[in-house]
There are 2 protein chains.
Amino acid sequence: MADPLGTWREGAAKGAILSFVRSVTEPGPGFVPPAQRIATFDNDGTLWCEKPLYVQADFIFRKWKAMVAADPSLAAEQPYKAVVDGDRAWLAGMLDHVPELLKGLGAAFGGITTEAFETQVKGFFTDARHPTLGTPYTQVGYRPMLELVAFLETNEFKVFICTGGGRDFVRVVGEEMYGVPRERVIGSGPMLEFRDGALYRTAGVEQPIDDGPGKPVHIWTRTGRPPLFAGGNSDGDIEMLASARFGLLVHHDDAEREFAYDVLAERALAEAAQRGWTVASMKDDFATVFEGVAPSIVGADART
Amino acid sequence: MADPLGTWREGAAKGAILSFVRSVTEPGPGFVPPAQRIATFDNDGTLWCEKPLYVQADFIFRKWKAMVAADPSLAAEQPYKAVVDGDRAWLAGMLDHVPELLKGLGAAFGGITTEAFETQVKGFFTDARHPTLGTPYTQVGYRPMLELVAFLETNEFKVFICTGGGRDFVRVVGEEMYGVPRERVIGSGPMLEFRDGALYRTAGVEQPIDDGPGKPVHIWTRTGRPPLFAGGNSDGDIEMLASARFGLLVHHDDAEREFAYDVLAERALAEAAQRGWTVASMKDDFATVFEGVAPSIVGADART
């Protein structure tokens, strides 16, 4: 029989995943009926690459640059100024600039229909390339994680993507990249208004956002169950992982083939040790990282 | 071949449903891929009986009565007073008493876990009987509508329940009554908080509620698509029906076998004529109404 997780190296992480899935799918005391087999995965840094910047940040920054091109007076204002000046420090301190960022997001995407937004997202995925890998963003999914999603689906799990980022952004590529249909993409989003037969995005944000303690809330409201299996990579995934029977934490420790960083994952790594979550080392547990991209090429490009 | 809608009488409504489903599932210009076949149904008055009072109202009123039994001083306050006194006029004017009702709901079900709420709902469905039909509430689903739900599922539609009432209330029986799994029940609900590994209901209500213009918003946030097929019965379903390719409006015109009323459906009936929605007359189009209940007995009991 073919190895269902052939892109995973033999080791503790692969063993724990296979053993858990067997325990809940085979007859015995641990059996869980298919209806209760909910799996949830964070997206940025768990299913696809989030460095050197979030994919959706690239989308938003391009839009802000285009707005400045159309109206140069905007270049004096934040958040446009930071994008035009390439001010990484300002942009990295996102949490200190929430009002400006929300204003910029509202100006960029508020007041348009969900359909118009989708057209822009599709254009981005067609045109944009990952800054270091050079590939379309639809190819920056981690091959072993895509294989894991498929393996869970084969075992009658219902897999949901639970992104802290934009639900309607990820939905555009979720089916193509992960085989996850639109109704199984959970994430943050704007408040919407229905008028004249269409749905309009507003400048307001639906609460709670799908991050931290908001993740188990979103998972419940969308599925009516706690996750049986959850996968994440950062501190924003702690509550989701804590609410799951099996928690998988992706550790970014592979500077050669991807990026090595623990920033914003320090607490999650500490909790993993305490709570017995399975840690997947990208360096040791992933036999390959990016689908359809030769590891040597990726490594060379990613070393920036 | 067996008639897939055998509990529907031959007529315009059944013909329109069969013709539409054929047009989107068979090869041809109208074909719609299965991934896009989303069907959404209102619950109260569309899938199950909402008279003489909403099923969930019975659940809530029983709880308020139990609260008064435990603390008789509550009997002087609204909304408890109206329930204890059987003040139908006060209760019927729900929209005039929103603050009192929300306070009563918060006191009854706020601060408890989703699990504790579910235990209460299960107890209600075990103990309570429909006041005129005398059957458990799990038997007050309309047989022809359940058959329609199954028919759509057979034709690779994904059927969602989109209730103006409580999502977590309907989820408890959605699978058993309709074959609709928990993750496909969309509805109104409280704001939730995750702490100490559990989800707690708060006294706040998630906005927008799943009624009127909130329905297409909920459907989008949960499915990422507009409905291809939608079924409703009242004014609160107008926007959902308007956002669907095929709209079905259940008309309560059968005083013998169910209840005859147009209250809160006047606008919907007028819109149906204008927009070409299919109207299902319970009297003329339903060959039977309640599953497993002899029509003659139901008729006798329902004439109150």
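## Helix packing and chain symmetry

In H2(A), Phe59(A), Ile60(A), Lys63(A), Trp64(A) and Met67(A) meet Leu101(A), Gly104(A), Leu105(A), Ala107(A), Ala108(A) and Phe109(A) of H5(A). Contact means heavy atoms within 4.5 Å. These residues divide into nine nonpolar, one polar and one charged. Here Ala, Val, Leu, Ile, Met, Phe, Trp, Tyr, Cys and Pro count as nonpolar, Asp, Glu, Lys and Arg as charged, and the others, Gly among them, as polar.

This is a predicted model: local features need pLDDT of at least 70, side-chain atom pairs count only at pLDDT 80 or more, and totals for chains, interfaces and linings use all residues. Residues are numbered from 1 along each chain as its sequence is written, chains are lettered from A in the order in which they are written, and side-chain values use heavy atoms, without hydrogens and water.

| Helix | Residues |
|---|---|
| H2, chain A | 55–70 |
| H5, chain A | 98–109 |
| H6, chain B | 114–127 |

H2(A) and H5(A) pack at an angle of about 75°, with axes 10 Å apart. That makes H2(A) roughly perpendicular to H5(A) (65 to 115 degrees).

Phe117(B) lies in helix H6 of chain B. Phe117(B) is buried, with a relative accessible area of 4% (buried means under 20%, 1.4 Å probe, protein chains only). Leaving aside neighbours within four places in sequence, its contacts include Phe59(B), Phe109(B) and Arg201(B).

A rotation of 180° with 0.0 Å of shift along its axis superposes chain A on chain B, RMSD 0.0 Å. That is the relation of a two-fold axis. Of the residues of chain A, Arg222(A) comes closest to the rotation axis, at 3.4 Å (C-alpha).

Terms used: Axes are lines fitted to C-alpha atoms, for helices over the stretch in contact, and angles run from 0 to 180 degrees between N-to-C directions. Helices (H or I, at least four residues) and strands (E, at least two) are DSSP runs, numbered from the N terminus. Angles under 35 degrees count as roughly parallel, over 145 as roughly antiparallel, 65 to 115 as roughly perpendicular and the rest as oblique. Buried means under 20% relative accessible area, exposed over 50%, partly exposed in between (1.4 Å probe, protein chains only). Copies are superposed by least squares on the C-alpha atoms of residues with pLDDT of at least 70 in both.
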